Amino acid sequence: MANIIPDPRPLENRLHRISHRFISIDDEINTAFRHHFSNVSQLMITQLKSKDTLFQKIFQVLQMAGSYADGIKVNAPNEFDLLVLLKFPKPIPVNSTTPGYVTINIRDGLNTWLGWLAGDQEKYKRFIDGEGYLIQNQILDWLRKLVRGILAEHKYLFKIHGAEYSINQQNCGPAVTLDVYVQKCPSGYIGHFSIDFVPALQFDSNDRWVADKRPNIQVPRFWNAIPKPNKQVLHKNRDWICSYAEIERDYLNDLNRIKPLIRIFKKIRDKAHLTNLKSYYIKTIFLHRILEKSYDYWNRSLAVLFMEMFDVILNHLKTRTLWSLWHRNYNLFSQLHAHQIDAIYYNLKKIRDTITKNLVNNNPDIIYREILTREEMIDLEQREEEENQPSWCTIL
């Protein structure tokens with residue numbers, strides 16, 4: 001970095017300005033939409049428990065997940081991820097033949113489970129196979145059908161505490177997604193947001209651990225099994241993907257520059273429309289770096305870390321490798337085709353080269369063009385004009 005940019009301060013100042021004005025979430029808007037999110041999610045769970053006896057038996061609690069929970073959400077609180085934690089009797093996770101996945105066997109708790117069904121065994125028997133393994137796609141389909149019925153019953157409109165929410169359902173990956181539009185609100189905050197309800201099973205890291213690598217943590221944490229579709233299995237899918245989000249969240253905390261940096265790279269990703277560069281890929285690259293470097297590494301200049309991490313990201317893409325933090329032989333990039341990875345690489349490399357060239361030529365303003373949208377650039381220019389207006393004092 002020192003050889004490329006003699007003085008990182010101009011870039012530092014601009015990165016902080018971008019982060020503060022166009023990436024950080026406004027506290028007032030955040031509070032308003034958290035309230036809307038709570039209204040809709042709590043009513044949906046209440047309805048689910050009242051409509052289905054088995055759901056009432058196995059539902060444990062809702063747990064925040066995803067970028068919002070990690071503190072690395074960009075721009076606005078318009079997407080919420082919720083784990084719907086389910087507790088089957090005596091679940092035993094067993095490593096799948098597919099790296100990063102497990103199967104869940106409830107054979108030892110089968111009598112208890114059948115007792116819960118109160119004569120409805122025929123309705124739910126598709127949830128398990130002949131060997132006692134939970135079939136994840138059947139459980140996900142069951143939850144989607146329940147949600148669809150509740151929305152239809154309410155005519156796709158929830159009315160809660162004076163607010164009105166128009167809701168549509170989508171199904172994507174392991175989630176039941178609600179697209180919510182706030183049509184009416186006493187506080188005046190209207191707009192759109194989405195909630196991903198993701199069914200999940202939870203296991204204690206000290207009690208049941210299936211990953212190849214153990215976390216460096218001081219207290220027990222939980223990991224989850226999530227019904228993300230395994231494309232290698234088309235029917236009767238036993239495979240649940242492993243998620244270690246709670247442990248990874250601990251790794252991200254208390255590091256001075258880490259979260260602003262992740263948000264900046266997600267903003268670059270969004271501006272360049274690199275949709276295949278998933279948020280989890282970016283987070284995992286940083287997690288690897290956290291384990292490689294000391295605590296003090298993250299206290300350095302934001303500009304210096306930004307340029308270094310740009311090269312780290314590019315190296316992962318160039319080699320087409322991003323190994324799981326937890327499972328050997330699980331390359332997260334294996335979910336993409338080679339041409340998709342290469343496309344991300346060449347687009348990001350072009351951005352990196354443009355930034356470097358302009359910094360060498362003492363033009364740090366280039367960072368605005370590479371990160372901000374056209375509308376944000378106009379907003380920035382207007383704000384800077386206002387800030388540069390002379391202050392007049394009239395003496396009467």
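Trainee: Why is Glu131 called partly exposed?

Mentor: Buried means under 20% relative accessible area, exposed means over 50%, and partly exposed is in between, with a 1.4 Å probe and protein chains only. Glu131 has a relative accessible area of 45%, so Glu131 is partly exposed. This is a predicted model, where local features need pLDDT of at least 70, side-chain atom pairs count only at pLDDT 80 or more, and totals for chains, interfaces and linings use all residues. Residues are numbered from 1 along each chain as its sequence is written, and side-chain values use heavy atoms, with hydrogens and water left out.

Trainee: What makes Asp207 exposed?

Mentor: Its relative accessible area is 58%, so Asp207 counts as exposed. Asp207 sits in the loop between strand 8 (191-204) and strand 9. Helices (H or I, at least four residues) and strands (E, at least two) are DSSP runs, numbered from the N terminus.

Trainee: What makes Glu131 and Arg238 a salt bridge?

Mentor: A salt bridge needs a side-chain nitrogen of Lys or Arg within 4 Å of a carboxyl oxygen of Asp or Glu. In this pair the closest N and O atoms are 2.6 Å apart. The pair links distant parts of the chain, 107 residues apart. Arg238 has 24% relative accessibility, so Arg238 is partly exposed.

Trainee: Which salt bridge has an N to O distance of 4.0 Å?

Mentor: That is Glu12 with Arg257. Glu12 lies in helix 1 (residues 9-23) and Arg257 in the loop between helix 8 and helix 9 (258-271), so the pair ties together parts 245 residues apart in sequence. Both residues are buried.

Trainee: What does the pair of Arg221 and Asp250 tie together?

Mentor: Their side chains meet in a salt bridge at 2.7 Å, N to O. Arg221 is in the loop between strand 8 and strand 9 and Asp250 is in helix 8, so the parts tied together are 29 residues apart in sequence.

Trainee: How many salt bridges does the structure hold?

Mentor: The structure holds 21. Asp70, Glu248, Arg249 and Lys283 are linked in a network of them.

Trainee: Which classes of residue line the largest cavity?

Mentor: Five nonpolar, two polar and two charged residues. Ala, Val, Leu, Ile, Met, Phe, Trp, Tyr, Cys and Pro count as nonpolar, Asp, Glu, Lys and Arg as charged, and the others, Gly among them, as polar. On a 1 Å grid over the protein atoms alone, a cavity is a set of points where a 1.4 Å probe fits but cannot get out, and lining residues have an atom within 4 Å of a point. The lining includes Phe222 and Arg249.

Notes: 1 Å grid on protein atoms, 1.4 Å probe; cavity = no way out; pocket = protein on both sides within 12 Å on 5 of 7 lines; lining within 4 Å.
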